Amino acid sequence: MIEAINQVLNGLQLGLVYALIALGYTMVYGIIRLINFAHGDVFMVGAFIAFISTVNWHLPFYIAVPLSMLICAALGVIIERLAYRPLRYAARIAALISAIGVSLLIEYGGSLKFVFGPNYRVVPQPFSVVQWDLSGISVSNIQVIVLVTVVILLAGLQYLVARTKTGKAMRAVSFDHDAARLMGINVDAIISYTFALGSALAAAGGVLYSVAYPQINPFMGIMPGLKAFTAAVLGGIGSIPGAMLGALIMGQVDVLSAAYISSQLRDAIAFTILILVLLVKPSGLLGKTGPEKV
Amino acid sequence: MKRTNLTAGLPLVLLLALVFFVAREVLGSLEIINYYWQLILDQSLIITTAAIGLSIIYGFAGQFSLGHAAFFGLGAYTAGLISKLWGHGNYGVFLLSLVAGAALAGAVAFLIGLPILRLRSDYLGIATMGFGIIVKVLMDNSNKWITATGGATGMTGVPQIAKFPVIFSVFLLAVLLARNLRLSSFGRAWTAVREDEVAADAMGVDPTRVKTLAFVLGCALAGVAGALYAHRYPIVHPSSFDFLKSFDFLIIVVLGGLGSMSGTIVTGVGWVFLLEVLRAVLGQSFLDFRGVIYALTLVLVVILRPKGLLSGMEWQALIPRRVPEGNPPAKGETPNVSA
């Protein structure tokens with residue numbers, strides 16, 4: 001039983017990191033209906049920038065994290081500007097192919113020797129790990145830090161989206177581009193803003209992931225990116241609470257199936273659940289069923 | 001009632017195929033095409049055969065699939081196993097294994113397609129991608145059930161007996177099959193479903209039947225291509241069939257121009273050669289840049305030609321003409337597919 005609780009806590013930690021990535025997928029999909037395959041790679045860049053700024057530039061961790069979020073926000077905006085905006089009015093598959101291209105570009109670009117290099121790097125712990133033992137249930141300070149950081153970021157995001165004028169504009173744009181433009185909203189700026197927010201969250205996710213699972217390489221973003229994306233679909237793509245719920249479920253599925261069923265088959269289990277959910281409720285757990293455009 | 005004259009243009013296709021074949025034989029015997037470039041040529045034809053399958057699924061019938069490499073892999077493993085366990089280089093068993101590879105990929109496509117083809121556009125893409133990842137994980141662990149597959153280390157020991165003539169014949173058959181199907185009643189039904197499923201349904205086209213047929217056929221083509229692959233490349237490895245490889249097929253079909261078979265063939269062959277030419281041109285010291293150049297090319301091409309290189313264009317011989325006389329020859333259609 002206590003073992004199971006510990007596994008659930010591990011799943012929670014992973015799920016929280018997935019939530020940070022999944023939010024970027026779901027916000028971008030909500031606003032321009034694009035599966036942004038490059039998002040997992042922004043997550044990777046976030047982890048690497050924190051790594052470089054702490055190890056090479058000797059910056060303290062609490063500066064490295066916001067710095068990494070800032071740089072990735074800029075990266076997200078640049079990607080959108082150069083690779084997706086020219087294709088906004090083309091068939092949607094064109095932007096998807098462009099996203100795949102950008103993803104490969106970041107991965108192979110990152111593997112170049114003068115960028116991040118192709119090898120695995122071990123991330124030094126920014127602080128000493130403390131394990132607390134609560135009558136058998138073990139909680140580490142890393143889990144607490146992940147939980148607190150994610151909750152703060154999610155609360156911040158919720159505030160930005162639900163309470164600010166820009167957030168209102170974001171919701172308007174995701175509802176209808178043309179109507180939003182008629183209301184005087186600068187659609188391009190809002191889309192850039194969405195990419196900046198999503199990418200900053202992904203960067204934070206990357207840093208937390210590299211603290212919790214301290215090994216990074218330029219291709220590390222692929223699987224977490226896919227899982228987070230799956231989580232967004234599971235929860236209902238386009239829905240922010242849905243992405244969080246989906247991510248928490250995906251974290252549990254990942255950890256519990258690895259612990260109790262088979263660690264080799266865990267990806268297969270995660271995606272089987274995804275397909276089953278899609279078949280029963282294609283719009284996801286919390287997604288709205290919109291009318292199919294014909 | 002207009003009928004489609006399937007034989008028009010056929011002699012031209014066959015003549016061109018013959019010219020290509022003879023040219024290859026001559027260049028091969030003169031050692032201008034050496035062992036290495038022959039390998040690349042064979043690879044490009046195998047990949048293009050599978051890509052024609054995806055062209056049927058996505059280009060003709062409009063069904064977005066991100067799991068094509070899984071069916072390519074299923075064909076490779078099925079045929080490879082049959083040849084490895086019972087064939088020992090026997091050519092009859094090899095040909096049988098090609099059929100088995102196509103049949104198994106088609107059968108799996110039928111079983112998975114029936115439920116998931118109800119999903120539309122992005123959701124179908126996500127479900128097929130999920131299926132592709134499941135298949136890859138199962139391949140990684142397949143040695144638990146069948147030792148001969150080698151699991152995550154890959155399968156070796158498949159007799160390498162697929163030579164250029166059989167690869168080229170399968171490729172040619174795939175082209176002719178796709179060409180003739182396109183303007184059959186099924187082909188017209190595919191176009192109808194692609195353009196507007198509800199309207200097609202209202203006109204008496206059964207969308208499920210039509211979509212399933214396209215999916216099964218396209219995946220069977222991927223299966224037969226995979227079967228050839230297993231007999232041409234010494235290692236059949238699960239990582240050759242993961243979802244990133246599915247992207248390759250998607251890229252070929254989209255960059256070629258959705259719905260254009262000429263486009264699929266040109267980009268399919270071109271894409272494989274681009275990668276190898278880059279390897280040759282860049283040299284050892286710049287090999288790291290290959291992935292970067294590949295990715296940049298992809299982004300630039302799609303930004304400059306969002307509809308694909310040959311969208312709306314089709315080599316006339318690949319379009320069977322409609323009779324009676326007096327009708328203008330069928331123009332390449334401009335597909336209007338939303339992903």
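In this predicted model, the buried residues of helix H11 of chain B begin with a run made up of B:Met261, B:Ser262, B:Gly263, B:Thr264 and B:Ile265. Further along H11(B), B:Thr267, B:Gly268, B:Trp271, B:Val272, B:Glu276, B:Leu278 and B:Leu282 are buried as well. An α-helix has 3.6 residues a turn, so residues three or four places apart point the same way.

H11 of chain B comprises 22 residues, 261-282, and at 1.5 Å a residue it should span 32 Å; the C-alpha atoms at its ends lie 31 Å apart, which agrees.

Chain A may be considered as a whole. Its secondary structure consists of 11 helices and four strands. Chain A has a radius of gyration of 19 Å, close to the 19 Å that the globule rule gives for 294 residues, so it is as compact as a globular protein of that length. Along the principal axes, the C-alpha atoms of chain A fill a box of roughly 60 × 45 × 35 Å.

Of the 294 residues in chain A, 56% are buried. Where contacts in chain A link residues at least 6 apart in sequence, 74% of them join residues at least 24 apart.

Chain A carries 17 positive and 11 negative side chains, and 9 Å separates the centres of the two sets.

Note on methods
Residues are numbered from 1 along each chain as its sequence is written. Chains are lettered from A and ligands numbered from 1 in the order in which they are written. This is a predicted model: local features need pLDDT of at least 70, side-chain atom pairs count only at pLDDT 80 or more; totals for chains, interfaces and linings use all residues. Side-chain values use heavy atoms; hydrogens and water are left out. Helices (H or I, at least four residues) and strands (E, at least two) are DSSP runs, numbered from the N terminus. The radius of gyration is taken over C-alpha atoms; the globule rule is 2.2 Å times the number of residues to the power 0.38. Buried means under 20% relative accessible area, exposed over 50%, partly exposed in between (1.4 Å probe, protein chains only). Contact means heavy atoms within 4.5 Å. Lys and Arg count as positive and Asp and Glu as negative; His and the chain ends are not counted. The place of a charge is taken as NZ of Lys, CZ of Arg, CG of Asp or CD of Glu. The expected span of a helix is 1.5 Å times one less than its number of residues.
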